[in-house]
Structures are given as structure tokens and as C-alpha cells.
Amino acid sequence: AIYSVPADYQQGENFRILYIHVPAAWMSLFIFVVMAIQAFIALVWRIKACEILAMSCAPIGAAFTLITLVTGSIWGKPTWGTWWTWDARLTSELILLFLYLGYIALVTSIDDMVRGDKAGALLAIVGSVNVPIIYFSVRWWNTLHQGATVSLTAAPKMAQTMLLAMLLMTFAFWAYAFAVVFTRAQALALERDRDAAWVRQLSQASREPR
């Protein structure tokens, strides 16, 4: 998809990295919102599945945030003439990465699993305030970062072939994220309940010859 679309008339071939940068940025925000919702449900109603899903979202969300920052820097060097600038959107996206890493560190560093999940949930809920700040930063402040080319409230500002390539990459990222999150959630559930009867029964059933 990246190589089948024409180069941008202003940015040339450098524009192609945005087909990775933009979907990764969307996913970094989307996953944090999902994580915060799961954390809120787990904190209020103590649903174990939501605790596991929230923790499963954090590493993949951090990975997409890191991809966003790295590809943004690669794009920014020839476009802005610098690898990094303390732009409002870049800075708030960097804070998002710290929130992901802080959540992971907080949950895993507390020996008491219940206390760790509660502390992580509070951090995720409070940290979700950063998501609208990232999204609206280009409107609220005078930044170097360009405005949105794809919006739910306006027509796309790019050619149809470019838009289709962007949406295809986004769908691929979504599929990957869901696969990894649910695979990790399954592994975490087995790890947390490794002494439970249902895990022992599942382990025995997997060893029996068919």
C-alpha cells in the first residue's frame, strides 16, 4: 500500500512514512482510551477480565506510541529541519508514552496484585485527560504540526488513493493490536490463575492424548 500510491507533490517520497506514522498515532490514542475504560470498569465493579485487558493494552499501546514518535522524528528532520522540537503535539505524545510506561511499572512493581491493579487503574483514568489534549493540540496552540487531514467532521484533505492506503494501514494496525492484546490477555489470565482448579484442568486436558 505504501509504495502503490504516488508521492506527495510537496513532500515527495518522504510523505510515505506518514502511512505508518498516522495510523500508529491513531492507535496510540485509541488503545489508551480502551485501557482507561477497562481500568474504570475494573476499579468500580472489580471485573477481573477488565483488569487483565487493561494491562494487556499497555505494552502494545506503548509500542505504537514509540513508533509514532520515531517516525515523526524521521519525517520531521527533512520537513522541519530538526529531529525534535517541543511542539505541543509532540510533547503531549511523549507524555502519553510516559503514561503507558508508568502504568506498566506501577502495576508490576506492587507485590499485592489488587493494590497494583487499583493504582494502575487510577493512573490510566487520570492519564486519559491527555488524549483530548493530544487530539486538539493543533487547534488550541500555534504548533508546527500540521492539522488533521482525515476527520470525522470534514471531508478528507487527501487524494482517494492516498486515503485508501492510509485506511488499509490503519486496519492492519487494528488487526495486529487486537490479536496481540487478546493473546496477551489469555497468557496473563493463565499466569494469574495458575493455581486455580480450572487452569490445572486445562493443563491436564492439553496433555491427554487425543
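**View A. Ile31, a buried residue of helix H1.** With a relative accessible area of 5%, Ile31 counts as buried (buried is under 20% relative accessible area, exposed over 50%, partly exposed in between, using a 1.4 Å probe and protein chains only). This is a predicted model, where local features need pLDDT of at least 70 and side-chain atom pairs count only at pLDDT 80 or more, while totals for chains, interfaces and linings use all residues. Residues are numbered from 1 along each chain as its sequence is written, and side-chain values use heavy atoms, with hydrogens and water left out. Ile31 sits in helix H1 (helices are DSSP runs of H or I with at least four residues, strands are runs of E with at least two, and both are numbered from the N terminus). Leaving out residues up to four places away in sequence, Ile31 touches Cys57, Ile60, Gly61, Phe64, Tyr100 and Ala177 (contact means heavy atoms within 4.5 Å).

**View B. Helix H2, end to end.** H2 runs over residues 48-80, which makes 33 residues. At 1.5 Å a residue it should span 48 Å, and its end C-alpha atoms are 46 Å apart, so the two agree (the expected span is 1.5 Å times one less than the number of residues). There is a bend of about 25° at Ala58, with a proline, Pro59, following within four residues (the bend is the angle between axes fitted to the seven residues ending at a residue and the seven starting there). Just past H2 comes Gly81, whose phi is positive at about 85°.

**View C. The largest cavity and its lining.** What's left empty inside? Rolling a probe the size of a water molecule over the atoms shows where empty space is left. Here that gives 1 cavity of 30 Å³ or more, and the largest cavity has a volume of about 60 Å³. (On a 1 Å grid over the protein atoms alone, a cavity is a set of points where a 1.4 Å probe fits but cannot get out; a pocket is an open set with protein on both sides within 12 Å along at least five of seven lines; lining residues have an atom within 4 Å of a point. Grid points are joined across faces, edges and corners, and a volume is the space filled by probe spheres set on the points.) The largest cavity is lined by Ala39, Ala42, Leu43, Arg46, Glu51, Tyr103, Asp117, Gly120 and Ala121. Helix H1 (18-45) and helix H4 (113-127) each put at least two residues into that lining. By class, the lining splits into 5 nonpolar, 1 polar and 3 charged residues (Ala, Val, Leu, Ile, Met, Phe, Trp, Tyr, Cys and Pro count as nonpolar, Asp, Glu, Lys and Arg as charged, and the others, Gly among them, as polar).

**View D. Arg46, in the loop between H1 and H2.** Arg46 is one of the residues lining the largest cavity. Its relative accessibility is 37%, so Arg46 counts as partly exposed. Though not a glycine, Arg46 has a positive phi of about 55°.

**View E. The second largest pocket.** This pocket has a volume of about 260 Å³. Its lining takes in 13 residues, and Met55, Val107, Met113, Glu191 and Arg192 lie nearest its centre. Helix H3 (88-109), H4 and helix H6 (160-192) are the elements giving two or more residues to the lining. Sorted by class, those lining residues come out as 5 nonpolar, 2 polar and 6 charged.

View F. Met166 is buried, with a relative accessible area of 2%.

**View G. Asn130 in helix H5.** H5 covers residues 130-140, and Asn130 lies in it. At 8% relative accessibility, Asn130 counts as buried. Setting aside neighbours within four places in sequence, Asn130 is in contact with Ser92, Ile95, Leu96 and Leu99.
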